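Please open the model in your viewer and keep the sequence panel beside it. The tour goes from one selection to the next.

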Amino acid sequence: MLPQNKFQEVIFTMFMAFVMVYAMICYNISLNVGGLKNFVFLAAFKEMIVMWPIAVVLELLFVGKLAQKLAFRFVTPGKDPIIMMILAISTMSVCLMCPLMSLTATILFKNAGTEIVAVWLQTTAMNFLVALCWQIFFAGPFVRNVFGFFVKKKNKHI
C-alpha cells in the first residue's frame, strides 16, 4: 500500500527512511570494522540520530518529487502495472538518495580531509548496489506491507 495523503506520506517516509538508513549504517560500520559483528546493531543508533532526520527531510522536500518525475519518464501512471511504478520510483529514489546520503556520511563520519571527493565517490559506489537491492527486495516490500496493514486496520475502526 502506498500513501494516499500528505500525513500518510510523512509517516511512510519516516518509516522507509528508518529501515533504509539503519540498514545502510549497519552495512557501512561493518565495512569499517571488517565484517558484521553484534555490536554494529547498537552502534548504528548513534549515527541514526543524525542520518535519519536528514534522510526524511531530503525525501520530503526534494527527492520524493524528483524521483517520481524521473520515474514517470519510464512508466505511465494508470497505464503501466503498479509494480512497475513502484520499481521505477524506488530505483530513482535510490539513484538520488544514495549519493546524497553518502556525501552526508562522508562529511560527518569519514574524516576524509582533502580526499573528500574520492571518499564520497567510493562510499557511493560501495553503497549503491546494496541500497538498491535492500530497497527493492526487502525494505520496500516490508514497509509497504506494514504500512498497509496499519492503514487498513485504522480504516476499519472509522
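This is a predicted model: local features need pLDDT of at least 70, side-chain atom pairs count only at pLDDT 80 or more; totals for chains, interfaces and linings use all residues.

Residues are numbered from 1 along each chain as its sequence is written, and side-chain values use heavy atoms, with hydrogens and water left out.

**Stop 1: H1 and H2**

Select residues 6–33, helix H1, and residues 39–71, helix H2. Helices here are DSSP runs (H or I, at least four residues), numbered from the N terminus. The two pack at an angle of about 135°, and their axes are 6 Å apart. Axes are lines fitted to C-alpha atoms, for helices over the stretch in contact, and angles run from 0 to 180 degrees between N-to-C directions. H1 is therefore oblique to H2; angles under 35 degrees count as roughly parallel, over 145 as roughly antiparallel, 65 to 115 as roughly perpendicular, and the rest as oblique.

The crossing of H1 and H2 is right-handed, meaning that the near helix is turned clockwise from the far one by less than a right angle. Color the contact of H1 with H2 by residue class: 22 are nonpolar, two polar and four charged. In this scheme Ala, Val, Leu, Ile, Met, Phe, Trp, Tyr, Cys and Pro count as nonpolar, Asp, Glu, Lys and Arg as charged, and the others, Gly among them, as polar.

**Stop 2**

**Stop 3: the largest nonpolar core**

Which residues touch the most other members of the largest nonpolar core? Select Val21, Ile25, Ala44, Met51, Ala55 and Met101, out of 23 residues in that core. A nonpolar core is a set of buried Ala, Val, Leu, Ile, Met, Phe, Trp, Tyr and Cys residues joined through side-chain atoms within 4.5 Å. Buried means under 20% relative accessible area, exposed over 50%, and partly exposed in between (1.4 Å probe, protein chains only).

**Stop 4: the cysteines**

Show the cysteine sulfurs. How many disulfides does the structure hold? It holds zero, a disulfide being a pair of cysteine sulfur atoms within 2.5 Å. The sulfur of Cys26 is too far for a bond, because the closest cysteine sulfur, in Cys98, is 16 Å away. Cys26 is buried, at 8% relative accessible area. Cys133 is in no disulfide either, and its nearest cysteine sulfur, that of Cys98, is 12 Å away. Cys133 is partly exposed, at 40% relative accessibility.

**Stop 5: Asn111**

Go to the loop between H3 and helix H4 (116–157), where Asn111 sits. Asn111 is not a glycine, yet it has a positive phi of about 50°. Is Asn111 buried or exposed? It is exposed, with a relative accessible area of 73%.

**Stop 6**

Return to H1 and pick Val10, which is partly exposed at 28%. Val10 and Gln68 are 58 residues apart in sequence and 16 Å apart in space, C-alpha to C-alpha. Last, select Tyr27, also in H1 and partly exposed, with a relative accessible area of 22%. From Tyr27 to Ile107 the C-alpha distance is 18 Å, with the two residues 80 apart in sequence.
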